[in-house]
Amino acid sequence: MSQAPTSARFRENARAALDDASLQTALHSVRRGFIGKRAAARALLPEFDDLRDQARDIKDHTLAHLDLYLEAFEAQVIAAGGRVHWAETDADARAIVLDICRGAGAKTVTKGKSMISEECGINEFLETHGIRPVETDLGEYIIQLRGEPPSHIIAPAVHVTVPQVEATFREAHGDLDPDRDLRSPAALQREARRVLRRSYFEAEVGITGANMLVAETGHCVIVTNEGNGDLTQSLARVHVVMASIEKIVPTLEDAGTLLRVLARSATGQEMSVYTTFARGPKRSGDPDGPEEFHVVLLDNGRSRMLGTEFEEMLRCIRCGACLNHCPVYQTVGGHAYGWVYSGPMGAVLTPSLIGVDEAGSLPNASTFCGRCEAVCPVRIPLPKMMRHWREREFEAKLAPKAMRRGLGFWAWFARRPRTYRRAARLGGWFLRRLAREGKVVRLPFGGNWTRDRDLPAPQGQTFMDQWKALER
Amino acid sequence: MSGPCVALFVTCLVDLFRPTVGFACVKLLRDAGCEVEVPEAQTCCGQPAWNGGDRKNARAIAQQVIEIFEPYDYVVLPSGSCGATIARDYAEMFEDGDPWKERASALGARTHEITAFLVDVLKIDNLGRALSARVTYHDACSGLRSLGIKQQPRKLLASIAELELTEMADAEVCCGFGGTFAVKYPEISTAMVSEKTGSIAATGADLVVAGDLGCLLNMAGRASREGRAFRARHVVEVLAGMTAFPPIGESK
């Protein structure tokens, strides 16, 4: 596994995130950007919501026939001269990738951005086996140097401020002129580009992810804004694609539909700067391309989600819109979620992949405001699925005892109207006794409420009592 | 001619904290020609159990609500959140083929948040009232996203003479209440509600109104702790002209 999950400590992680002034600065500056850009892109495309329906239907159809399309994809990759490796677990995927790297005699591996490689912890694994992984996506490169996991599925270094990047680069690129000006994002980008350029030519193996796998043709599709994915997959002698099984789509036409909602939802672009379709190794007569082409298909718990209340989560195309629009994510950032995936999609997917006993806090850390579902390009009902996790937790008695008891206590009253009425009367009286000038400043049993806010006191008798008195 | 017979679902928060909201609903409904009943056996809609993962209790409470409210033409509530529970969630609590599912759907179709009921069902767009106030409106999440309540309260507020409505930045962003969320994750909730009170204050409005008492208790409670100048009321208090009572969390 990539990082040991800390999802069970979400609350502590979140507290630390709130106290991290630099993180808060980074989160604030990001908040506006993504949301405004998506809204503008959507406004320019009147059929956007219809496309979302189509995108949802394509993914639902694919998931209903996943075995068929996966086998069709495999046949196409083989026909093009490539190989497909089936990895049931993350450990299987690591072993397969290591084998390929060893076979290629690799000392350096370049990497395009891939959440599946994060899920499998490929970097740490290769390092322990003496192979140097080099992330080539700027954000991934930054966090690799900082020794951090990504905090966002499409903007992995979104938690890092420009001055922090400058400090990281000065430390990592010690051989460069110490007096150089690195204050602007453009200067940082130029430097990363220059440094990374060397790695592309050194690497024996290039690993990329895939935004989509096309069953009818065997194409692996990646979208990037930096072109780093293309250099990674075409300059190394061996290209390895790491993708999870639900990335499959039936046809190129379907891929086109999904691409129309993907970039708009993610960054507000109509298309990402580079959209690349790779299929098999270099053919005779091709001017460039890899000599070997491998696709590692990862399951890692996904097939177990099929046919359950979580199946719809497998429609996810990893655009990040739900993270960008989530007020909880905006407040605490991605690292608080404690594993690879964060925000609403992480709150649903993480318990599926690492267990609800470990990640049960995540689906609880939501106000169910519904903004994630409202922007999802494939219309995943994220709040509903978070509630399903809460049900699983409740049934397995994993929810905190105080919460379970409190709920049970309250429900007992709610089911007995006359007793409820008396309890409300008593509760109201009690709160009014505690109140000064219309509010309660400190609640004996509700410290979490009154720590940072007052509790407005009840006005007087309950509505039902007043109503009854009037009726008489 | 007599109007429809409407059952008022007071909601547990209004019953306990803010009876004025219930009376404002009665006034608005009666002014609109409805016959208003307040079924005595009502308690809560069951949302805390449903969102807490306790399907068994949620279902039992839903059955109780369905039985109590089925006889009326409409169910009207001063809450988009409880409204969404009845109108949207109840049907999901029961399996296909269970007769309760149909009863839940039937009741759900006749259940409305009050501003949506006045505008969409009764086709009222002018209340013929006046109130000199600078107001901003917070869109409570469930009402907005589950029931599509956005223009209805604004239309009614716009009909009030001398009332100036100023939109805040991010009116559609959650205030951080989220039922038990506010006590399960108090630090995150505080950060969220502080953003909200900041947005409200930035409009220069002297009153924030919303359609859900949960959000209002949260926003008013935080604003009070921060010493903000604005006050908070449920939107129906303004719409019914019942602003003589102290605002939420105030004694005068």
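Mentor: The questions and answers below concern this structure, which is a predicted model.

Trainee: How many helices and strands are there in chain A?

Mentor: The C-alpha atoms of chain A fill a box of roughly 95 × 60 × 45 Å along the principal axes. Within chain A, the counts are 24 helices and 12 strands.

Trainee: What percentage of the residues in chain A is buried?

Mentor: A residue is called buried when its relative accessible area is under 20%. Chain A still exposes about 20100 Å², and carbon and sulfur atoms supply 51% of that area. Of the 472 residues in chain A, the buried ones make up 58%.

Trainee: What share of the contacts in chain A with a separation of 6 or more comes from residues 24 or more positions apart?

Mentor: Here one considers the contacts in chain A with a separation of 6 or more. Among these contacts, residues 24 or more positions apart account for 73%.

Trainee: How is the size of an interface often given, and what is the area buried between chain B and chain A?

Mentor: The size is often given as the accessible area that is lost when the parts come together. The contact takes 68 residues from chain B and 65 residues from chain A. Carbon and sulfur atoms give 58% of the buried area, which is about 6100 Å².

Trainee: How many salt bridges does the rule find across the interface of chain B and chain A?

Mentor: One salt bridge between these chains joins B:D15 to A:R421, with the closest N and O atoms 3.6 Å apart. Across the interface of chain B and chain A, the number of salt bridges found is eight.

Trainee: Which element gives the largest share of the side of chain B that touches chain A?

Mentor: Across the interface, 31 residue pairs are in polar contact, both residues being at pLDDT 80 or more. The elements of chain B that give two or more residues to this side include α1 (12-17), α4 (55-69), α11 (186-202) and α12 (213-226). The largest share, eight residues, comes from α11(B).

Trainee: How many residues apart are A:E47 and A:R260?

Mentor: The side chains of A:E47 and A:R260 meet in a salt bridge, at 3.2 Å from N to O. A:E47 lies in the loop between α2 (21-43) and α3 (48-64) of chain A, while A:R260 lies in helix α12 (residues 252-266) of chain A. The pair thus links distant parts of the chain, and the separation is 213 residues.

Trainee: Why does the pair B:E70 and B:R103 tie together parts that are apart in sequence?

Mentor: B:E70 forms a salt bridge with B:R103, and their closest N and O atoms are 2.7 Å apart. B:E70 lies in the loop between α4 and β3 (74-77) of chain B and B:R103 lies in helix α6 (residues 99-109) of chain B, so the pair ties together parts whose separation in sequence is 33 residues.

Trainee: Is B:R154 buried or exposed?

Mentor: B:R154 forms a salt bridge with B:E167, the closest N and O atoms being 2.6 Å apart. B:R154 has a relative accessible area of 8%. Because buried means under 20%, B:R154 is classed as buried.

Trainee: Which phi value does A:R318 have?

Mentor: A:R318 lies in the loop between α13 (302-305) and α14 (321-325) of chain A. At 10% relative accessibility, A:R318 counts as buried. Although A:R318 is not a glycine, its phi is positive, at about 60°.

Trainee: Where is B:D170 found?

Mentor: B:D170 is not a glycine, yet it has a positive phi of about 55°. At 32% relative accessibility, B:D170 counts as partly exposed. Its place is the loop between β6 and α10 of chain B.

Trainee: What is the area of the nonpolar surface patch that includes A:W429?

Mentor: A:W429 lies in helix α22 (residues 417-434) of chain A. A:W429 is partly exposed, with a relative accessible area of 45%. Together with A:L426, A:F430, A:L434 and A:F445, A:W429 makes a nonpolar surface patch of about 580 Å².

Conventions:
Residues numbered from 1 in each chain as written. Chains lettered and ligands numbered in written order. Predicted model: local features only at pLDDT ≥ 70, side-chain atom pairs only at ≥ 80, totals over all residues. Heavy atoms only, no water. Patch = residues over 30% accessible without salt bridge, like charges linked within 9 Å, V, L, I, M, F, W, Y side chains within 5 Å. Areas by Shrake-Rupley, 256 points an atom, 1.4 Å probe, with all protein chains shown as cover. Salt bridge = Lys/Arg side-chain N within 4 Å of Asp/Glu carboxyl O. Helix = DSSP H or I, 4+ residues; strand = E, 2+ residues; numbered from the N terminus. Buried < 20%, exposed > 50% of the residue type's maximum accessible area, 1.4 Å probe, protein only. Contact = heavy atoms within 4.5 Å. Buried area = accessible area lost by both parts, 1.4 Å probe. Polar contact = N/O pair within 3.5 Å; in protein donor to acceptor, adjacent residues only side chain to side chain.
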